[in-house]
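Here's a quick briefing for anyone meeting this structure for the first time. Have a look at the sequence and the model, then read on.

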Amino acid sequence: MTEARSEVSLGMPQLPAPAYPAEVRARLEADAKEVIARYPGSRSALLPLLHLVQSEEGYVSRTGMAFCAEVLDLTTAEVTAVATFYTMYRRRAGGDYQVGVCTNTLCAVMGGDAIFDRLKDHLGVGNDETTEDGKVTLEHIECNAACDFAPVVMVNWEFFDNQTPESATQLVDDLIAGRTVEPTRGAPLCSYKETARILAGFPDERPGAVAASGGAGPASLIGLKLAKGEATPQPRVVGPRGEAPSDEPQKGAEHLSSHDAPQQTSASDPDHPAGPAAEEGE
Ligand code: FES
């Protein structure tokens, strides 16, 4: 990155990207042809092709971008603009496992920040850095629309729900030791390069992978179940401070939503009842 910036700032022309070895080039060309044929316009294939070249080197190199530009008849500037916009494309080599800790608002308050700090100390790396053995790249990630399972950690885009600093530490230890880890939901875990090939649109041929990859988790489905009458709204479990929890259904319970789902709340902790905090001196 530093090198590229200095070339630009000095106004020096950039050297052509190194070429792929002939065997790699022939293989990628055949794959690219298959991907491009899925779209009415070839340029629409850019995103999957960036995943394809990422599956070759583990990141989107200058060689990969030049390849995409050539087969899609785009400029390298157009390809670079897209590759640098999306965070799922790496711009430099990283680990076999991309460990992303969600530190967006909900995950952060539910423990995401603590998980990230623990992993940073445990692995001895910072954000977007890779362990010396090349196994794990650690990064902050943005909301992955899995807030109902917060705090969430993702490894190569597979979900590990409701994590704690301890469970996340065990997770990275297992990855580094080569032990099998199972995502909470979805397909079995594979390497970063293998994941990139699946994201390029090539079938996941591992036994059972497709069957395991579908379906939302129970916390995401509770609203739908309530709306269909397949679940019963729960009695109120949170009361104003000092008021005993009521067994009466909530007011407006006919308007069901996921907020009516049974929840663990602070009302279950007698030392920290819910409700407005008492004024000092009351
Ligand atoms: S805030 Fe973490 S998944 Fe939404």
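Helices (H or I, at least four residues) and strands (E, at least two) are DSSP runs, numbered from the N terminus. What you're looking at is a predicted model, where local features need pLDDT of at least 70, side-chain atom pairs count only at pLDDT 80 or more, and totals for chains, interfaces and linings use all residues. Residues are numbered from 1 along each chain as its sequence is written, and side-chain values use heavy atoms, with hydrogens and water left out.

**Salt bridges**

- Side chains of opposite charge can pair when their charged atoms come close.
- Here, a salt bridge means a side-chain nitrogen of Lys or Arg within 4 Å of a carboxyl oxygen of Asp or Glu, and by that rule the count is eleven.
- Take helix α2 (residues 22–36): Glu23 and Arg27 sit four residues apart in it, so about one helical turn separates them, and their side chains form a salt bridge at 3.0 Å, N to O.
- How open are they? The scale is relative accessible area, with a 1.4 Å probe and protein chains only: buried is under 20%, exposed is over 50%, and partly exposed is in between.
- Glu23 is exposed at 52%, whereas Arg27 is partly exposed at 35%.
- Glu23 and Arg27 also belong to a network of salt bridges that links them with Glu56.
- Another pair in helix α2 is Glu29 and Arg25, again four residues apart, or about one turn of the helix; their salt bridge comes in at 2.8 Å, N to O.
- Both partners count as partly exposed, with Glu29 at 35% relative accessibility and Arg25 at 22%.
- Arg179 and Asp174 join up too, with a salt bridge of 2.6 Å, N to O; Arg179 is partly exposed at 46%, but Asp174 is buried at 13%.

**Strands**

- Two strands pair if DSSP finds at least two bridges between them.
- Strand β3 (residues 136–141) has five of its six residues buried, so the rest of the structure largely encloses it.
- Strand β1 (residues 97–102) runs parallel to β3, and six bridges join the two; Gly100 stands opposite Glu139 in β3.
- Strand β2 (residues 129–130) pairs with β3 as well, this time in the antiparallel sense over two bridges; Thr130 has Thr137 in β3 as its bridge partner.
- Five residues lie between β2 and β3 in the hairpin they form, and Gly134 in the turn has a positive phi of about 75°.

**The cavity**

- Rolling a probe the size of a water molecule over the atoms shows where empty space is left.
- On a 1 Å grid over the protein atoms alone, a cavity is a set of points where a 1.4 Å probe fits but cannot get out, and lining residues have an atom within 4 Å of a point.
- Grid points are joined across faces, edges and corners, and the volume is the space filled by probe spheres set on the points.
- How many cavities of 30 Å³ or more does the structure hold? There's one, and the largest cavity has a volume of about 30 Å³.
- Its lining is made up of His51, Gln54, Met88, Trp157, Tyr192, Thr195, Ala196 and Leu199.
- The elements giving two or more residues to that lining are α3 (46–57) and α8 (192–199), and α8 has the largest share, with four residues.
- By class, the lining has five nonpolar residues (Ala, Val, Leu, Ile, Met, Phe, Trp, Tyr, Cys and Pro count as such), three polar and no charged ones (Asp, Glu, Lys and Arg), with the others, Gly among them, taken as polar.

Terms used:
1 Å grid on protein atoms, 1.4 Å probe; cavity = no way out; pocket = protein on both sides within 12 Å on 5 of 7 lines; lining within 4 Å.
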